[in-house]
Amino acid sequence: VTRRIIVALTNGALVFAFVLAVVWFWTGSNMEAPVTVVALFAAIAGVRAERWAGAREQRNRALEALRDELARNGETIADERFRPLQGPSIRRRVFPRLNLSAADAAVTSGALGRSTDSELVTLLYQWRDAVRELNHRLDLTEVYLFSADVIQPEELAAFDEALHSADGILTEVSTQLEILEQAVEAQNS
Amino acid sequence: MANDGSLAQVGEILGSGRDSRWALVLSGEKPTDLIKELIHDLAIPHSRKVATKFSYIGMTAAIAWANACSDWFYPVMRDSIDAFDRYWRPILPMVADKGFHYVSLGVGTGQKDRVVLGLHSQNPTMLYIPVDISAEMIRLGIDETKKLTGLRMMPVHLDFSITAHLEDLKQLVHRLVDDQPVIYSLLGNTVANIDEDSELLGSIGDLLRPQDRLLLEVSTTSEISEAALEEARAEYSISETYKIHATSALSQFTDLAIDNKMLVFRAEKEDENIIRIETHYQNATGEPVVVTLPDHRTQIDFAPGETIRVTLSRKYLPSGVDKLIAEAGLTRLSEPPPPRSGRTKRPVFSRDLMLLAKAPPEPRKPTVADDLLRTGKTTRR
């Protein structure tokens with residue numbers, strides 16, 4: 001509401017200054033002071049409105065990028081490379097990784113600087129920590145599995161089971177993703 | 001035909017303690033199965049044996065056992081019965097006022113059960129289930145016990161050394177007592193009489209729910225040495241009544257002319273924790289003897305010098321007791337007996353009465369997979 005009032009006042013002041021300047025031009029009466037006051041008022045309000053508009057655009061872009069990235073990460077978690085294997089198909093494999101570029105940018109750019117964004121920013125910090133931990137654990141798992149000459153199917157199955165267990169890191173990240181997606185969706189532009 | 005009313009009346013008569021003639025025994029034992037096992041064990045040349053349980057079947061065997069228990073020269077059982085109250089006292093506070101029912105596996109002479117049944121005064125609804133392979137031993141064991149006014153008793157005639165029988169017993173007991181707690185007992189070193197002692201104890205441990213307890217008594221030795229082996233052998237060999245008990249199954253189930261002088265007592269180290277004591281009946285006649293088995297058809301040639309194992313017992317080191325109960329998945333609730341003072345250089349034989357419970361399952365050791373991919377905390381959506 002405040003933003004709309006300021007935009008209206010800026011535009012109003014500019015129009016008013018223009019009218020005063022036209023009157024001053026045609027009548028030759030001394031209108032310098034009122035024209036200057038009104039023009040300066042419009043300039044100051046305009047700068048503020050411009051900043052607001054810029055910040056809003058940056059926030060929207062950050063949220064949009066975040067939505068896209070979270071959606072892609074959701075698809076990655078559902079990727080078949082994460083699905084537990086059974087029987088003859090059981091084998092060593094490289095797991096996909098989750099991305100954090102948009103989340104990192106959203107936090108470091110200050111695009112989420114509104115006072116109402118603090119809860120979202122906290123969730124983003126937790127999300128980044130969880131994804132980094134997942135990616136790190138997946139790195140170690142792959143190093144372990146691919147370093148061994150032979151891996152028994154039972155051991156591979158144990159890794160699948162641990163990954164998808166209730167206290168598994170993938171389950172934790174999935175939960176965090178759900179919470180964060182809901183928080184992002186709830187944001188107003 | 002009996003209906004609920006007359007059955008209730010029978011229960012009332014039996015529970016009143018006034019009429020001592022009658023006893024109602026629930027029989028789950030097929031005599032043919034026992035005879036088959038006996039014939040099988042006796043028919044294998046050079047490893048012939050009669051399982052110890054057969055020394056309790058039949059009235060003559062039951063009486064022989066009762067006589068052995070009161071023999072001054074067979075202190076193993078007599079001392080165990082006399083001192084039972086003393087061993088029971090520290091355990092009593094752990095089970096008092098908890099509303100336990102009591103299932104006695106191997107009634108014996110019933111004297112020890114009557115000590116445990118002191119709990120009946122605190123729990124008037126207590127159900128007492130004496131279980132034994134021998135109907136005669138049950139009758140002998142509960143004769144005094146059934147005089148206890150108001151005690152609900154359900155004797156069960158069953159060979160509890162067979163795992164499948166224990167499963168059936170478990171179902172029966174659980175139907176009778178629902179979720180109420182039960183003390184099972186295996187007293188008098190009975191577990192040591194079975195070839196697979198730890199397996200039997202494990203099967204009995206499987207009867208236990210978290211609220212149930214097992215009262216176990218075993219014979220112990222302070223050491224395993226030549227002196228201990230000799231003393232263990234002598235402990236059994238000096239008693240004439242024990243010899244009669246030892247040969248009672250052979251005497252009852254075969255046509256062998258028993259001469260107790262042919263008994264051979266052996267004590268040996270079974271492993272680093274156990275003294276194994278066996279009584280063998282040896283053909284010392286110098287002639288082959290033809291023995292007819294209880295199916296009246298099968299005959300075996302009992303060669304000169306050959307033996308038939310007629311009893312088996314064991315004495316455990318304290319570490320052997322710990323191993324036995326750990327292997328059975330049980331955990332000890334009562335304090336172990338204090339170590340004997342080192343004043344005597346002779347081996348000390350004693351007994352250990354302990355209260356056991358089902359051990360909680362051991363936590364699974366984390367694998368590499370767990371370390372790498374589990375966070376250890378369950379996330380809630």
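I kept the conventions in view: residues are numbered from 1 along each chain as its sequence is written, and chains are lettered from A, ligands numbered from 1, in the order in which they are written. Because the model is predicted, local features need pLDDT of at least 70, side-chain atom pairs count only at pLDDT 80 or more, and totals for chains, interfaces and linings use all residues, while side-chain values use heavy atoms, with hydrogens and water left out.

**Entry 1: the A–B interface**

I started with contacts, meaning heavy atoms within 4.5 Å. I found 21 residues of chain A in contact with 14 residues of chain B. Next I looked up the buried area, which is the accessible area (1.4 Å probe) that two parts lose on being put together, summed over both. For chain A and chain B it is about 1600 Å². Carbon and sulfur atoms give 58% of that area. On the chain A side, A:Arg137, A:Asp167 and A:Glu172 supply 34% of the area buried against chain B, more than any other three residues.

Then I turned to polar pairs. I took a polar contact as a pair of N or O atoms within 3.5 Å; within protein, one must be able to donate a hydrogen and the other to accept it, and residues adjacent in sequence count only if both atoms are side-chain atoms. Seven residue pairs are in polar contact across the interface, both residues at pLDDT 80 or more. In chain A, α4 (118–147), α5 (153–164) and α6 (169–185) each supply at least two residues of the side that touches chain B. I sorted the residues of that side: nine are nonpolar (Ala, Val, Leu, Ile, Met, Phe, Trp, Tyr, Cys, Pro), six charged (Asp, Glu, Lys, Arg) and six polar (the others, Gly among them).

**Entry 2: salt bridges**

I used this rule: a side-chain nitrogen of Lys or Arg within 4 Å of a carboxyl oxygen of Asp or Glu. It gives 37 salt bridges over all chains. Two are between chain A and chain B. I noted B:Arg374 with A:Glu161, at 3.8 Å, N to O. Within chain B, the side chain of B:Arg374 also meets that of B:Asp370, at 2.6 Å. Both B:Arg374 and B:Asp370 are buried; buried means under 20% relative accessible area, exposed over 50%, partly exposed in between (1.4 Å probe, protein chains only).

I also logged a network in chain B. Salt bridges that share partners join B:Lys49, B:Asp195, B:Asp197, B:Glu270, B:Arg276, B:Glu278, B:Arg309 and B:Arg314.

In chain A, A:Arg59 and A:Asp117 pair at 2.7 Å, N to O. A:Arg59 sits in α2 (32–77), and A:Asp117 in the loop between α3 (101–108) and α4, 58 residues apart. Both are buried.

Another pair is A:Glu142 with A:Arg97, the closest N and O atoms being 2.5 Å apart. A:Glu142 is in α4 and A:Arg97 in the loop between α2 and α3, 45 residues apart. A:Glu142 is buried, at 11% relative accessible area. A:Arg97 is partly exposed, at 24%.

**Entry 3: nonpolar cores**

I defined a nonpolar core as a set of buried Ala, Val, Leu, Ile, Met, Phe, Trp, Tyr and Cys residues joined through side-chain atoms within 4.5 Å. The largest has 43 residues. B:Val50, B:Phe54, B:Trp65, B:Tyr74, B:Leu250 and B:Tyr281 touch the most other members. Helix α12 (240–253) of chain B gives the most to this core, with five residues. Leaving aside neighbours within four places in sequence, B:Tyr74 contacts B:Trp65, B:Ala68, B:Glu235, B:Tyr236, B:Ser239 and B:Tyr242. A second, separate core of 42 residues includes A:Ala102, A:Ala103, A:Ala106 and A:Leu124.

**Entry 4: chain B and B:Arg209**

Chain B has 14 helices and 15 strands. Of its 381 residues, 51% count as buried. In α10 (197–205) of chain B, eight of nine residues are buried.

B:Arg209 lies in the loop between α10 and β8 (213–221). B:Arg209 is buried, at 14% relative accessible area. Its side chain makes polar contacts with the side chains of B:His174 (3.5 Å) and B:Asp212 (2.8 Å).

Terms used
Helices (H or I, at least four residues) and strands (E, at least two) are DSSP runs, numbered from the N terminus.
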